[in-house]
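Colleague: I have a new model open and I want to learn to read it. Can we go through some features one by one?

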Amino acid sequence: MSKPQNTYPTYPQLDLPGVGREIAVWWKEHGTFQKSIEQRAQAQPFVFYEGPPSANGIPGIHHVMARTIKDIFCRFQTMQGRRVERKSGWDTHGLPVELQVEKKLGIRRDDIGNKISVEEYNRHCREDVMAYTALWEQLTEQMGYWVDLEHPYVTYTPEYIESVWW
């Protein structure tokens, strides 16, 4: 009787970051996340609305922990045969964005509309708020968090704002 061939890689020494990178590359090459949705095209959907991270802040370990827990629910539902589409998003509103831009421009709230036009101020806010999206996307891929990063919703777009109003 012949010995069964091992189909899993073996490693002479434990290197979890290396294994993680190999798995991420394999998932990307094989379109694993997209296939998990396509193979369940007619299945009952599981809808999960994630509160998006603030795009103007640097991700931290607490984000990794929260996203890991969220991902567990989505993967479990996928394993149960449900179609689980996941859309990334960026929270781009709020006082932290405004204060960050005001500090960067060296202005105060009273200066908006006087020293700087509202349109120019809004443009600066839209640019500044997306400053850390590349870091977020890198972290998302590193941790194997399955989410569509190519078609995010952004909370400052008219489409998003109108959907909330509706």
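Colleague: Let's start with contacts. Which residues is T78 in contact with, leaving aside its neighbours within four places in sequence?

Modeller: Bear in mind that this model is predicted. Setting aside those close neighbours, T78 is in contact with S36, R40, V84 and R86. T78 itself is found in helix α3.

Colleague: Is T78 buried or exposed?

Modeller: Look at relative accessibility. Buried means under 20%. T78 has 8%, so it counts as buried.

Colleague: What does the side chain of T78 reach?

Modeller: It reaches the backbone oxygen of C74, at 3.0 Å.

Colleague: Next, I37. Where is its place?

Modeller: I37 is in helix α2, which covers residues 32-38. Its relative accessibility is 11%, so I37 is buried.

Colleague: Which residues does I37 touch, not counting those up to four places away in sequence?

Modeller: I37 touches R83, V84 and E85. V84 is also on the contact list of T78.

Colleague: How far apart are I37 and A66 in sequence and in space?

Modeller: They are 29 residues apart along the sequence. From C-alpha to C-alpha, I37 and A66 are 23 Å apart.

Colleague: Now the core. What is the general idea?

Modeller: In soluble globular proteins, nonpolar side chains tend to be buried together. Now for the case here. The largest nonpolar core has 8 residues: V97, V101, I107, I112, I116, Y121, C125 and V129.

Colleague: Which helices each supply at least two residues of this core?

Modeller: They are α4, residues 95-105, and α5, residues 118-129. Helix α5 gives the most, with 3 residues.

Colleague: Take one core member. What is I107 in contact with, leaving aside its neighbours within four places in sequence?

Modeller: The list for I107 is E102, I112, I116 and Y121. Of these, I112, I116 and Y121 belong to the core too.

Colleague: Which residues form a nonpolar patch on the surface?

Modeller: I69, I72 and F73 form one. Together they have about 320 Å² of accessible area. I69 is in helix α3, residues 61-79.

Colleague: On to charges. How many salt bridges does the count come to?

Modeller: The cut-off is 4 Å between a side-chain nitrogen of Lys or Arg and a carboxyl oxygen of Asp or Glu. By this rule there are 9. One of them pairs R109 with E98, whose closest N and O atoms are 2.8 Å apart. This pair links distant parts of the chain, 11 residues apart. R109 is in the loop between α4 and α5, while E98 is in helix α4.

Colleague: What are the relative accessible areas of R109 and E98?

Modeller: R109 has 41%, which makes it partly exposed. E98 is partly exposed as well, at 26%.

Colleague: How far apart are the closest N and O atoms of R108 and D110?

Modeller: In that salt bridge they are 3.8 Å apart. R108 is exposed, at 58%, and D110 is exposed, at 54%.

Colleague: Where do R123 and E127 lie?

Modeller: Both lie in helix α5, 4 residues apart, or about one turn of the helix. R123 is partly exposed at 39%, and E127 is partly exposed at 49%.

Key. Residues numbered from 1 in each chain as written. Predicted model: local features only at pLDDT ≥ 70, side-chain atom pairs only at ≥ 80, totals over all residues. Heavy atoms only, no water. Patch = residues over 30% accessible without salt bridge, like charges linked within 9 Å, V, L, I, M, F, W, Y side chains within 5 Å. Areas by Shrake-Rupley, 256 points an atom, 1.4 Å probe, with all protein chains shown as cover. Buried < 20%, exposed > 50% of the residue type's maximum accessible area, 1.4 Å probe, protein only. Polar contact = N/O pair within 3.5 Å; in protein donor to acceptor, adjacent residues only side chain to side chain. Contact = heavy atoms within 4.5 Å. Core = buried A, V, L, I, M, F, W, Y, C linked by side-chain atoms within 4.5 Å.
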